Amino acid sequence: MAAPIETLPAPVGSGTPRRPARAKATEADRRHRRGAARWFVLAAAVVVAVVMMVPFVIMVLNAFKAPADYSQNGPLSWPAEFYTEGLRNFWDRVNFPEKLVNSIWISGAVAVFGTLLSLLSAYALGVGRVKGRMWIVTLFLLANMLPQEVLVYPLFQMAQDVGLSNNQWSVIIIFTVIQAAFGTYLLSSVLGTFPKALLEAAALDGAGKWRTLWGVVFPVVRPTLSVLLIFFFIWTWNEFFIPLVMLTTNATQTIPVALASLQGDRMMDAPTTNAGALVSMIPAIIFFLIFQRTLTRGITAGAVK
């Protein structure tokens, strides 16, 4: 019979092997470098934010500065007195409440109609899988690259032919198509990767295409649609060239066009213009603050599955 094998006692303190001190130092160095990089990115973001705020601060300073003070001390000086006549002049000269209603109506209508048209078109391209889908999406992409100066003359002529000259509906229709081209390009790529299991389950339940759109597709892409709605509103709010050409009377013009009317050929009232720009920004800022959370949720919705 073989003799039993003797087992040597384990050395005292032998447990999980400890990492070398050099490995600890390396990990500490990496954490330090990551922390330094984060502080550098944060500092760069603060610098960019300050640079972007400089024009806004200059505009606020000149909005409450008298014309004589502006001419004597320049745009970068602190106002000698709190001057509010520029705000009153702008409010009365352009009839700001009327221009505000026009801008809200045009921007809101374009945002709603453009988002709806984008959803319907992208549903046909992304889920319906129509023939020549890639060519159609490429056409939409190229349409977004065309400058407005190329489109304005034929659009103006067509508006006159159909009786929409100096009509706000002409601007609404034009920008609905322009914004929907971008929305279709974006949504078609999203719906092109839509889970087929959901579509097959809806088909097994007897749902048609219309019911599938509103019962299955719409709840999934609703965050993306909310982002498009906000962007379409802000983009249309800031549009100037096409409303300037299409809307020829004061009763139909928007706020950006009203701001341009304050500038003459040889003379410009800088305090009144800055006051008007400040007042014109307030509705857009309020709209953005109200829907800021919706915008954030819509942008980050696709990041988490």
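Visitor: Hi! Is Trp 214 buried, exposed or partly exposed?
Guide: Trp 214 counts as partly exposed, at 33% relative accessibility. Buried means under 20% relative accessible area, exposed over 50%, and partly exposed in between (1.4 Å probe, protein chains only).

Visitor: What kind of model is this?
Guide: It is a predicted model, where local features need pLDDT of at least 70, side-chain atom pairs count only at pLDDT 80 or more, and totals for chains, interfaces and linings use all residues. Residues are numbered from 1 along each chain as its sequence is written, and side-chain values use heavy atoms, leaving out hydrogens and water.

Visitor: How many aromatic pairs are there?
Guide: The whole structure has 13. Rings of Phe, Tyr and Trp (its six-membered ring) pair if their centres lie within 6.5 Å; planes under 30 degrees apart are stacked, over 60 edge-to-face, and the rest tilted. Trp 214 and Phe 218 are a tilted pair, because their planes are at 55 degrees, with centres 5.4 Å apart.

Visitor: Where do those two sit?
Guide: Both are in helix α9 (residues 209–237), four residues apart, so about one helical turn separates them. Helices are DSSP runs (H or I, at least four residues), numbered from the N terminus. Phe 218 is partly exposed too, at 26%.

Visitor: And what about Phe 233 and Phe 287?
Guide: Those form a stacked pair, 4.1 Å centre to centre with 25 degrees between the planes. Phe 233 is in helix α9 and Phe 287 in helix α12 (residues 270–290), so the pair ties together parts 54 residues apart in sequence.

Visitor: Buried or exposed?
Guide: Phe 233 is buried at 10%, and Phe 287 is buried at 16%.
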